Amino acid sequence: MGGTAPLPSPEALDVVMRSFQHATQLAPQWHKGWHHWALTALQVGTQLLPAGDDAEHRNQFIIMAMQGFVQSINLTPSRNLQVMRGKR
């Protein structure tokens with residue numbers, strides 16, 4: 001117990017990212033799909049790539065995550081954003 005879990009293989013990461021990308025293509029207006037895709041890309045870019053991976057490759061995932069978060073925010077119904085800001 002304790003310790004760290006083994007890192008997923010590069011092939012597994014590729015399958016997961018392609019699956020999320022496919023979901024955003026099938027339902028491009030679904031903000032939650034974009035949000036989950038962004039969260040996954042951020043986790044891959046900051047935590048799951050092997051330690052020896054180059055910074056440019058990591059940055060690609062981080063850029064994808066930021067784009068996904070922006071898309072998710074843009075698609076979030078405005079009434080939800082008002083509640084998050086404390087306005088009702």
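Helices are DSSP runs of H or I that hold at least four residues, and they are numbered from the N terminus. On that reading of this predicted model, the helix α1 supplies the largest share of the lining of the largest pocket, namely six residues. The protein chain as a whole comes to four helices and zero strands, and its pattern along the sequence reads α-α-α-α. Of its 88 residues, 26% count as buried.

**The largest pocket**

- The space in the largest pocket amounts to about 250 Å³, and of the 14 residues that line this pocket, those closest to its centre are L13, D14, M17, H57 and F61.
- Two elements, α1 (10-26) and α3 (55-75), each give two or more residues to the lining of the largest pocket.

**Helix α1**

- With 17 residues, α1 reaches 24 Å from its first C-alpha to its last, which is close to the 24 Å expected at 1.5 Å a residue.
- The buried residues of α1 include L13, M17 and T24, and because they cover an arc of only 25 degrees around the axis, they lie on the same side of α1.
- On the other side of α1, the residues E11, Q25 and L26 are exposed.
- Two residues of α1 that are buried, L13 and M17, are also listed among those closest to the centre of the largest pocket.

**Helix α3**

- In α3, the residues R58, F61, A65, G68, F69, S72 and L75 are buried, and since they cover an arc of only 135 degrees around the axis, they are placed on the same side of α3.
- The other side of α3 carries exposed residues, which are A55, E56, Q67, I73 and N74.
- An α-helix has 3.6 residues a turn, so residues three or four places apart point the same way.
- F61, which is buried in α3, is also one of the residues closest to the centre of the largest pocket.

**R58 and T46, between α3 and α2**

- R58 has its place in helix α3, and because its relative accessible area is 18%, below the 20% limit, R58 is counted as buried.
- T46 belongs to helix α2 (residues 31-48), and because its relative accessibility of 43% falls between the limits of 20% and 50%, T46 counts as partly exposed.
- Although R58 and T46 stand twelve residues apart along the chain, their C-alpha atoms are separated by 7.0 Å.
- T46 and N59 are 13 residues apart in sequence, and the distance in space from C-alpha to C-alpha is 8.8 Å.

- T76 is found in the loop between α3 and α4 (78-84), and because its relative accessibility is 14%, under the 20% limit, T76 counts as buried.
- A polar atom of the side chain of T76 lies 2.7 Å from the backbone oxygen of S72, and S72 is itself among the buried residues of α3.

Definitions and conventions:
Residues numbered from 1 in each chain as written. Predicted model: local features only at pLDDT ≥ 70, side-chain atom pairs only at ≥ 80, totals over all residues. Heavy atoms only, no water. 1 Å grid on protein atoms, 1.4 Å probe; cavity = no way out; pocket = protein on both sides within 12 Å on 5 of 7 lines; lining within 4 Å. Points joined across faces, edges and corners; volume = space filled by probe spheres on them. Buried < 20%, exposed > 50% of the residue type's maximum accessible area, 1.4 Å probe, protein only. Polar contact = N/O pair within 3.5 Å; in protein donor to acceptor, adjacent residues only side chain to side chain. Expected span 1.5 Å × (residues − 1). Arc of directions from axis to C-beta.
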